[in-house]
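User: I would like to go through this model with you, one topic at a time. Could you bring it up?

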Amino acid sequence: MWKYVLKKLLLVLPVLLGITVIDYLIMSLAGSPLDMMTGPRVTEGAIAARAAQWGLNQPIWVQYWNWLTEVLHGNLGFAYKSGQPVSEIIGSHLGPTLLLMGVSMALGLLIAIPAGIYSAVHRYQKRDYAVVSASFLFSSVPGFFLSLIFVYFFTVKLHLLPSSGMYTPGTGGDAWDVARHLIMPSLVLATGVAGGNIRYIRSAVLEILEMDYLRTAKAKGLGRRIVIRKHALRNALLPIITVIGMQIPTLFGGAVIVEQLFSWPGLGQVTWDAVLTRNYPVIMGVCLLSAVGVLLSNLMTDILYALADPTIKY
Amino acid sequence: MRKKDLSGKYGPLLRRFVRHKAAVVCLFVLTALILMALLAPWITPYEPTKPTGAFSQPPTAEHILGTDKIGRDMFSRILYGMRVSLLVGLLATLISTLIGVALGLVSGYFGGAIDKAIMGFTDMVMSFPYILLVLVAAAIFQPGMWSIVLILGFVDWPGVARLVRGNVLSLRETNFVKNDLASGMPGRYILFSEILPNTIAPVLVYATSVFALSILDEAALSFLGMGVQKPTPSLGNILQGAESLSVLTDKPWLWVPAGTVIVLLVVCINFVGDALRDALDPRNAEG
């Protein structure tokens with residue numbers, strides 16, 4: 001087992017390196033932060049001084065190399081202008097994003113898994129069509145449009161829920177306050193998660209229901225409930241693990257648009273600001289974090305898969 | 001006689017499609033929306049970018065969806081916006097499907113080191129956080145319609161590539177391809193006359209979902225101001241106005257119709273794609 005994990009880890013490293021190279025290239029092509037320094041009082045000398053200060057006067061590969069050696073020494077660099085350590089910026093915004101995405105994902109899967117199974121068990125009946133249609137609707141509503149609708153009803157009309165931030169300014173932000181702020185953004189994100197996954201889980205369960213061993217179980221005269229609960233659902237665990245694995249990456253990318261709309265103080269906002277101001281060290285920090293997150297979750301999926309499915313050899 | 005032959009080939013396919021009543025309705029709605037977008041200049045007398053009425057006017061007989069804050073007719077803005085959104089979706093889907101099919105074919109057919117390299121690259125693109133890639137790419141180019149087309153086109157291909165590769169791998173094991181190989185048919189013939197036609201159906205189905213996704217992504221990017229730029233209307237940038245609270249609360253005609261059109265378009269494309277999947281699936285052939 002450990003040998004398997006180690007082997008997988010060794011395979012992940014070159015991919016991670018490749019991703020950071022591509023990230024750095026795309027980012028540098030996107031434009032230099034020096035372009036942002038314009039105005040009558042900005043002199044050539046000032047720009048050159050900045051370039052030297054930020055190390056931008058060197059060729060791209062030298063910049064990348066410097067960044068990489070710093071990262072290997074545990075230093076993610078410092079944000080331009082504010083000079084704040086990138087690790088600190090990420091650290092202070094990681095919590096809200098993990099909270100938001102964790103709650104949304106749990107909520108989405110809590111809808112998707114039972115709905116998908118229900119739909120598969122009642123295949124080609126009216127209930128099945130209803131669930132599938134709902135899932136199409138869920139995945140077809142743009143998140144920002146749904147957010148607008150929610151804000152319209154719950155904030156403007158009903159005065160029930162706050163529409164921005166993570167807690168009411170001035171208050172300490174107790175759990176109840178945070179929960180109230182969390183409802184709308186997490187519902188918007190959960191809708192998207194549920195929409196795509198209902199159909200995925202439905203077809204995965206359908207495939208299992210057609211297996212010979214289930215026919216055998218039914219032929220033995222076992223009750224419908226026992227067949228589904230004991231024989232089908234246990235085997236449906238595999239595709240469900242895959243679904244959860246596929247969702248984790250989005251945790252790290254952060255829901256940029258939703259965070260933006262609800263002024264949620266998470267990584268999505270940090271990313272958005274960093275892209276707009278071309279804050280290289282911050283962009284690279286977020287990219288690195290998300291790449292590590294994605295690769296680790298892929299690895300976890302592989303390992304869980306190997307644990308859940310005895311036919312996979314490692 | 002000939003007519004009977006045709007119904008023999010496409011009849012069952014059509015029958016299986018028609019079984020999905022929702023999809024048939026959606027096909028009609030979609031056709032109607034596309035026609036409205038195409039015939040926009042003949043349907044609406046107003047230019048989408050020129051003020052033609054009072055500011056922020058609620059719907060009236062003259063302006064059936066009202067006017068925006070500088071007096072442009074909302075109905076014609078939505079029609080022209082639909083044009084832009086559909087065009088962006090279509091072109092982005094075309095580009096990503098072409099790239100995906102090409103890479104998938106090469107990867108699956110030649111195998112070995114080429115396959116490893118292409119699939120490694122595909123995995124890398126796939127493990128990028130999608131929105132981050134799009135955002136950074138949107139910052140590279142000057143935002144606008146053509147850059148959105150290129151960005152979405154160059155980001156959405158990995159799914160198609162994997163799908164095609166998988167298909168090629170399984171087709172290579174079929175008897176008719178083995179037969180071709182054994183009888184020394186040229187690779188060009190096997191690839192384009194035997195393998196490619198047999199992967200078209202799943203690619204077509206996949207392309208419908210990419211089309212739907214591209215429309216959603218264009219809307220989101222334009223909404224954020226990184227997509228299609230004003231004054232050209234797109235369904236996404238029409239909704240930008242709703243970020244202001246007074247529009248959101250007091251002028252629903254400025255944002256509800258445009259959002260509804262997006263939902264309608266995407267839902268319908270998804271339903272049609274789903275019915276197509278069922279109709280084209282050879283496992284349902286007896287039905």
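User: To begin, is Tyr124(A) buried, partly exposed or exposed?

Analyst: Tyr124(A) is partly exposed, at a relative accessible area of 45%. The term covers everything between buried, under 20% relative accessible area, and exposed, over 50%, using a 1.4 Å probe and protein chains only. This is a predicted model, in which local features need pLDDT of at least 70 and side-chain atom pairs count only at pLDDT 80 or more, whereas totals for chains, interfaces and linings use all residues. Residues are numbered from 1 along each chain as its sequence is written, chains are lettered from A and ligands numbered from 1 in the order in which they are written, and side-chain values use heavy atoms, without hydrogens and water.

User: What is the phi of Tyr124(A), and where does the residue lie?

Analyst: Its phi is positive, about 65 degrees, although Tyr124(A) is not a glycine. The residue lies in the chain A loop between helix H4 (86-121) and helix H5 (126-140). Helices here are DSSP runs of H or I with at least four residues, and strands are runs of E with at least two, numbered from the N terminus.

User: And what about Ser263(A)?

Analyst: Ser263(A) also is not a glycine, yet has a positive phi, of about 45 degrees. Its place is the loop between helix H10 (256-261) and helix H11 (267-277) of chain A, and it counts as partly exposed at 33% relative accessibility.

User: Where is the cis peptide bond?

Analyst: It joins Lys230(B) and Pro231(B), with omega at about 5 degrees. Pro231(B) sits in the loop that runs between helix H10 (187-223) and helix H11 (235-238) of chain B.

User: Turning to Arg202(A), is it buried or exposed?

Analyst: Arg202(A) counts as buried, at 15% relative accessibility, and lies in helix H7 (residues 175-209) of chain A. Apart from neighbours within four places in sequence, its contacts (heavy atoms within 4.5 Å) include Arg123(A), Asp128(A) and Val132(A).

User: Which residues touch the most other members of the largest nonpolar core?

Analyst: Of its 90 residues, these are Met82(B), Leu239(B), Leu248(B), Trp255(B) and Leu265(B). Helix H13 (residues 256-280) of chain B gives the most to this core, 14 residues. A nonpolar core is a set of buried Ala, Val, Leu, Ile, Met, Phe, Trp, Tyr and Cys residues joined through side-chain atoms within 4.5 Å.

User: What does Leu248(B) contact?

Analyst: Setting aside neighbours within four places in sequence, Leu248(B) is in contact with residues of chain A, among them Leu148(A), Val151(A) and Tyr152(A), and with Ala242(B) and Trp255(B). There is also a second, separate core of 27 residues, which includes Leu56(A) and Trp67(A).

User: Lastly, what is the secondary structure of chain A?

Analyst: Chain A has twelve helices and zero strands. Its C-alpha atoms fill a box of roughly 85 × 60 × 35 Å along the principal axes, and 48% of its 314 residues are buried.
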